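Hello,

Please find the structure below. My notes follow it.

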Amino acid sequence: MAYTPIIPLLLALVLAGCSLEPVKPWQRDLLAQPSMQLDPAPVDSYLDGHIYFSKEAASGGAGIGGGGCGCN
Amino acid sequence: MQLKHDKGALRRTLALAACALAGGSHPASAASQPWSLDSAVLFYNEVDRVSVVEPVVFAKRELADGGSLGLHGLFDTMSGASPNGAVASNRTQTFTSPSGNSTYSAAPGATPMRSFRDQRLGVGLDWMHPLGRLLRSNLSATLSSETDYFSLGLGDTLSLDSADRLTTWSLGAALSLDQVQAEGGAPDALTLLSAPATAGGGGDESKTVTELQLGLTQVLTRSALLQANLAVAQHSGYLTDPYKILSVVDASGATVDYRYEKRPDSRQSQVAYIKWVQHLDEDVFHLSYRYYSDDWGIDAHTLELNYRYELGGGRYLMPHIRAYTQTAADFHRYFLVQGEALPSAASADLRLGAMDGRTLGLKYAVPAAHGGELSLRVEWLQQSGEGHPAEAFGTLRSYDLYPTLNAYIVQFGYSTPL
């Protein structure tokens with residue numbers, strides 16, 4: 001409950017703080033870096049996903065599928 | 001020389017496997033494309049509870065058509081003890097395993113824990129396949145097998161880029177077919193443990209999970225992008241944990257018996273997820289927030305930050321902070337009271353109770369030969385809930401009904417092109 005205002009806050013920050021001038025193809029140097037990928041460390045996310053799936057009631061969000069286990 | 005030879009043999013074997021799985025791409029073209037390997041060994045340790053060792057390997061191959069093929073495999077070894085749902089008592093509590101073959105005990109005042117040992121083998125396949133200049137499909141299949149659980153998952157996500165490739169829409173669907181093969185058979189829900197003639201003896205149970213997800217990824221600036229996902233899931237079938245029980249207490253709060261738990265056979269959940277990725281001169285952060293809600297009455301919020309701090313020369317430090325909070329499921333009870341009407345569903349599983357979680361972690365990575373990476377990740381996790389809930393009475397007031405969980409993970413990672 002404590003984090004409820006975060007979605008609109010984040011959206012407002014992003015939308016207000018960034019000029020949405022289209023990025024040109026030759027301006028994609030930073031976006032192309034491995035660290036800028038949506039999931040730069042798939043193994044870490046996979047292992048974390050498994051840990052939290054087995055320890056918490058909530059799951060999902062970043063992706064779908066991934067397979068179940070008897071841990072929850 | 002020997003190394004080089006072995007590498008070639010491995011590459012050919014993997015290429016052949018890839019061809020077989022991808023439905024017959026040409027071996028010659030497959031062998032000319034490089035593979036990359038991402039691997040890790042995870043050591044997960046809960047204080048006084050469960051330990052898991054999990055080696056995992058991800059292999060990825062870029063395909064000639066612009067797609068890619070990913071394969072992964074893992075092998076978990078789990079051992080230790082987890083709370084069985086019963087509350088602490090002023091006497092020694094002894095429990096018989098569902099198969100009736102073994103017993104375990106909890107000392108006076110201690111939270112009863114069920115010991116277990118299991119292994120899990122998991123394999124998966126991802127096949128990204130272009131369907132047009134801007135449209136692609138990502139097909140996935142997973143298999144997971146344990147002594148008492150089997151899961152088969154299938155999924156596909158279609159992604160469509162805008163003409164300027166600054167926006168990507170995605171639509172995904174996934175299906176998971178699971179079999180619960182509980183030790184001794186699934187017990188009859190809510191039956192008393194003291195009445196073994198009616199408990200246990202059930203056969204295998206099954207459950208199905210279907211998921212749908214709509215996603216949007218937007219490049220905001222030269223150094224920022226945003227991802228937003230909305231997902232719904234429907235869980236149907238046997239959603240109960242066959243090993244979890246609830247204490248039945250008398251008017252003084254003393255435990256007089258136990259019942260097997262029972263969860264509803266349907267669960268619908270919704271998730272909203274947003275992630276912001278920002279490049280700052282050198283460093284990069286990933287900030288995400290997730291809202292989860294389901295018809296069991298659980299609302300959960302997750303806030304997560306990874307900050308990649310560049311040390312120069314390809315080395316980096318990455319602190320990780322995660323905060324989590326959830327409300328309790330409507331049917332979560334710490335215990336049942338003798339003489340009161342039985343609810344239609346009840347579980348004392350701490351994971352379905354109101355709870356807060358926090359994680360602090362740090363990863364250190366250095367470049368390895370041929371563009372690879374070596375890393376070490378260390379994290380601390382904690383989960384805490386209301387140990388003295390208002391519903392506790394009598395002797396139950398003197399016990400911590402939600403013992404705090406502390407866990408540590410240590411993970412060694414290695415990635416390399418092959």
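How many residues does the contact take from chain A, and how many from chain B? Chain A gives 54 residues and chain B gives 80 residues, where contact means heavy atoms within 4.5 Å.

This is a predicted model, in which local features need pLDDT of at least 70 and side-chain atom pairs count only at pLDDT 80 or more, while totals for chains, interfaces and linings use all residues. Residues are numbered from 1 along each chain as its sequence is written, chains are lettered from A and ligands numbered from 1 in the order in which they are written, and side-chain values use heavy atoms, with hydrogens and water left out.

Interface

About 5800 Å² is buried between chain A and chain B, with 63% of that from carbon and sulfur atoms; buried area is the accessible area (1.4 Å probe) that two parts lose on being put together, summed over both. Five salt bridges are found across the interface (side-chain nitrogen of Lys or Arg within 4 Å of a carboxyl oxygen of Asp or Glu). One of them joins Asp48(A) and Arg377(B), at 3.1 Å, N to O. On the side of chain A that touches chain B, helix 1 (6-17) and helix 2 (42-55) of chain A each supply at least two residues; helices (H or I, at least four residues) and strands (E, at least two) are DSSP runs, numbered from the N terminus. Helix 2 of chain A has the largest share, eleven residues.

Strands of chain B

Strand 19 (residues 355-368) and strand 20 (residues 372-385) of chain B pair antiparallel over 14 bridges; pairing requires at least two DSSP bridges between two strands. Thr359(B) has Leu381(B) in strand 20 of chain B as its bridge partner.

Regards
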